[in-house]
Amino acid sequence: MDRLTLGTRKVSIEFPGVKALTNVDFEVSTGEIHALVGANGAGKSTLMKVLAGANPDYTGEVYLNGKPVELRSTMAAKKLGIQIVYQEVDMALVPTLSVAENVMLNDMVMNAGRNPLVNWPKLRTQAKAVLDRLNIDVNVRTLVQDLSLAQKQMVLIARAIANECNFLILDEPTAPLSDTETAELFRLVKHLQETENIAIIFISHRINEIIQICESYTVMRNGEIVDTSPITPQTTTREIVEKMLGRSFEENFPKEHVPIGEKVFEVENLSGADGKVNDVSFYVRRGEIVGIAGLVGAGKSELCKTIFGAYERTAGTVRLNGEELKIKNPSHAVKNRIALVPEERRKEGVLVNENVSFNLSAASLSRFCKASFILKNKVDANARQYVNDLGIATPSIKQYVKNLSGGNQQKVAVGKWMAADCDVYIFDEPTKGVDVGAKQDIFRLINDITKRGSSVIYASCENSELLSITDRIYVLYDGHIMAELETAKTNEDEIMHYAVGSTTKYA
């Protein structure tokens, strides 16, 4: 098979108030799986959007097989065989269309002008052929809205392969996936490399996965490439992380000792979320961090949203300081001093078209008002405090949140609730898509929350995080609590024992 090379020479790009890329030289060849790593805001996604034609205002040169090419539109990139699958899969799919329509969407759009009539049998046959080629078992007639996140991702990859694809960029592909789904994705990635001779550029903050699946890696920091190295049996997570951060790194975040008080928050026999939460009971004490463990699909997000009033509760009670709460919607939860930092930050956690300053005060605007007037100087002072405390990388508190990296958007989502000074904080996968340095900033903030006397519910499928930061852990399976564990006396094996649905006592 012919070996194709895609690269950049001296590529730079600026956004208002920030230089996102500076003289970047990068190269990848077909038939290889190459990782691109770096802290949030390092420039990874910006560089990949240049290659995908989504950042047309770059300077410098992009070349294909040594010849300069212009990538000033996504269409130009696709014609050269460059495809990208973004982290937010729901943003790239049409949920009310079938799998077949989503896989063949590019062809449907291009053919619409020439022939508005769709040959449905042919479309489904073509889509099935693409899926079969990749060994993806999904019914082409199924609506995308009825698929799991992992299946949606497979559909997006199939769409990329449906047209000529030599270079496939995967942006945080494993962030929403379970271990089983990640293994299936890795199978597909290896298949694309070995059978299709496609170059895979793999962006991820999960360094252990990069070492497992990739052959080489490039490290970015502050918009520049600082290192490119092969992955060998001697390559370690610490080595890559320290290159990313430019400093030494302590892998385990030590939980600070906080005095734990009386029961503050109690959930009894809670059911709801269309049957995805079933008879759940647990409690949280003052100053305590309680983990909700479970695999992807166990019902963690549904439990968090049912407590918060975003999903309907069909049975059970919720009590705060001994008083039963009738939470019918999120505004009721907020009035009762309950906060939720949701998993899907762009859709639910931040206002992407507002600036950093407004977002950081959005959950507690009454604190910054006099009569009906917002005191902008107080809003800005609050923003400067949390930008500093959280280490939010932004050129200005007036920067629109949509222009921040994913990790910095997550910090804004956390910061807005910090300003609200709630009694109970619910964190749903708060470190999803966040680099190791930003994770430590978030852990530090959560510890600060408990020092103030608030209580924390921390839902995550990252068992190492739960073991690092929590006091107790409840393990969820299929919407049911399977076990209550004391963090200091448990381990990852015991958590997984119950997370897969085992009803026997762990030995």
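Student: What should I know before we start?
Tutor: Numbering runs from 1 along each chain as its sequence is written. In this predicted model, local features need pLDDT of at least 70, side-chain atom pairs count only at pLDDT 80 or more, totals for chains, interfaces and linings use all residues, and side-chain values use heavy atoms, with hydrogens and water left out.

Student: What makes the chain agree with a compact globule?
Tutor: The rule is 2.2 Å times the number of residues to the power 0.38, and the radius of gyration is taken over C-alpha atoms. For 507 residues a compact globule would have a radius near 23 Å, and the chain has 24 Å, so the two agree.

Student: How do you know that strand 20 is mostly covered?
Tutor: Buried means under 20% relative accessible area, with a 1.4 Å probe and protein chains only. Five of the five residues in strand 20 (455-459) pass that test. A strand here is a DSSP run of E, at least two residues.

Student: What makes you say both faces are covered?
Tutor: In a regular strand, side chains alternate between the two faces of the sheet. Ser455, Ile457 and Ala459 sit on one side, Val456 and Tyr458 on the other, and all are buried.

Student: Why are strands 13 and 19 called partners of strand 20?
Tutor: Two strands pair if DSSP finds at least two bridges between them. Strand 13 (residues 289-293) has four bridges to strand 20, running parallel, and there Ile292 stands opposite Ala459. Strand 19 (residues 424-428) has five, also parallel, and Tyr425 has Val456 as its bridge partner. So both count as paired with strand 20.

How values were computed. Buried means under 20% relative accessible area, exposed over 50%, partly exposed in between (1.4 Å probe, protein chains only).
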